[in-house]
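Biologist: Please take a close look at the aromatic rings in this chain. I would like one connected account of where they sit and what surrounds them.

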Amino acid sequence: MKKATFLNNPSNSQFFDNGALLLLRLTLAVVIFPHGAQLLLGWFGGFGYTETMKYFTTVANLPYLIGMLVIGIQFFGALMLLLGIAVRLNALAMFTIFIGMIVTSHLEHGFFMNWFGNQKGEGYEYHLLVLGITLALMLKGGGRYAIAKAKNEA
């Protein structure tokens, strides 16, 4: 009986590893970018920079600098992930703000999102998915299909 060698071939393994990193990077960028565009530009039904900053500083009681960083990371960080620029740094930045979101706004509402409108806010299940993706990107980088790769990446 002949053994399947396609998956055991190191070059195929690298192809799949790099493809998986590309898929993670693009998925995260495509999901986060619209949120950043809502916050910064008011696209997709968002309020734009001025109103978002007003909410962040008055209702959420975030320092102005933190609010700016959250908006910038979600908008510009997502674009950079899409291109594969500073992947580990952008993943770390997103990891940090999503931990902050869980602790400050979502932990009290439990695990599940508010699918049926029967709780006062959204849970943190979505945030855990983002944390998992960002952790993988922090550990492995952007892979071969990123524009800017670290020296130790394939």
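Modeller: Ring pairs join Phe-33, Trp-43, Phe-44, Phe-75 and Phe-76 into a cluster. Two rings of Phe, Tyr or Trp (the six-membered ring for Trp) count as a pair if their centres lie within 6.5 Å; planes under 30 degrees apart are stacked, over 60 edge-to-face, and the rest tilted. This is a predicted model, in which local features need pLDDT of at least 70 and side-chain atom pairs count only at pLDDT 80 or more, while totals for chains, interfaces and linings use all residues. Residues are numbered from 1 along each chain as its sequence is written, and side-chain values use heavy atoms, with hydrogens and water left out.

The structure holds 8 aromatic pairs. One of them is formed by Phe-33 and Trp-43, edge-to-face, at 6.4 Å centre to centre and with 70 degrees between the planes. This pair links distant parts of the chain: Phe-33 belongs to helix H1 (residues 10-41), Trp-43 to the loop between H1 and H2, and the two are 10 residues apart. Helices here are DSSP runs of H or I with at least four residues, strands are runs of E with at least two, and both are numbered from the N terminus. Trp-43 also pairs edge-to-face with Phe-44, at 6.2 Å centre to centre and 80 degrees between the planes.

Phe-33 counts as buried because its relative accessible area is 19%. Trp-43, at 44%, is partly exposed, and Phe-44, at 54%, is exposed.

Gly-48, Thr-52, Met-53 and Phe-56 are the buried residues of H2. They cover an arc of only 140 degrees around the axis, and therefore lie on the same side of H2; the arc is that of the directions from the helix axis to the C-beta atoms. Exposed Thr-50 and Val-59 are on the face of H2 turned away from its buried side. Asn-61, which follows H2, has a positive phi, near 55 degrees.

Now the nonpolar core, a set of buried Ala, Val, Leu, Ile, Met, Phe, Trp, Tyr and Cys residues joined through side-chain atoms within 4.5 Å. The largest has 30 residues, of which Leu-28, Ile-32, Leu-81, Met-94, Phe-98 and Leu-137 touch the most other members. H1, H2, helix H3 (64-83), helix H4 (87-106) and helix H5 (125-140) each give two or more residues to this core. H4 gives the most, with 8 residues. Leaving aside neighbours within four places in sequence, Ile-32 is in contact (heavy atoms within 4.5 Å) with Gln-74, Ala-78, Met-94, Phe-98, Tyr-126 and Val-130.

Also in helix H1 is Thr-27, which counts as partly exposed at 35% relative accessibility.

Buried residues make up 34% of its 154 residues.

Terms used
Buried < 20%, exposed > 50% of the residue type's maximum accessible area, 1.4 Å probe, protein only.
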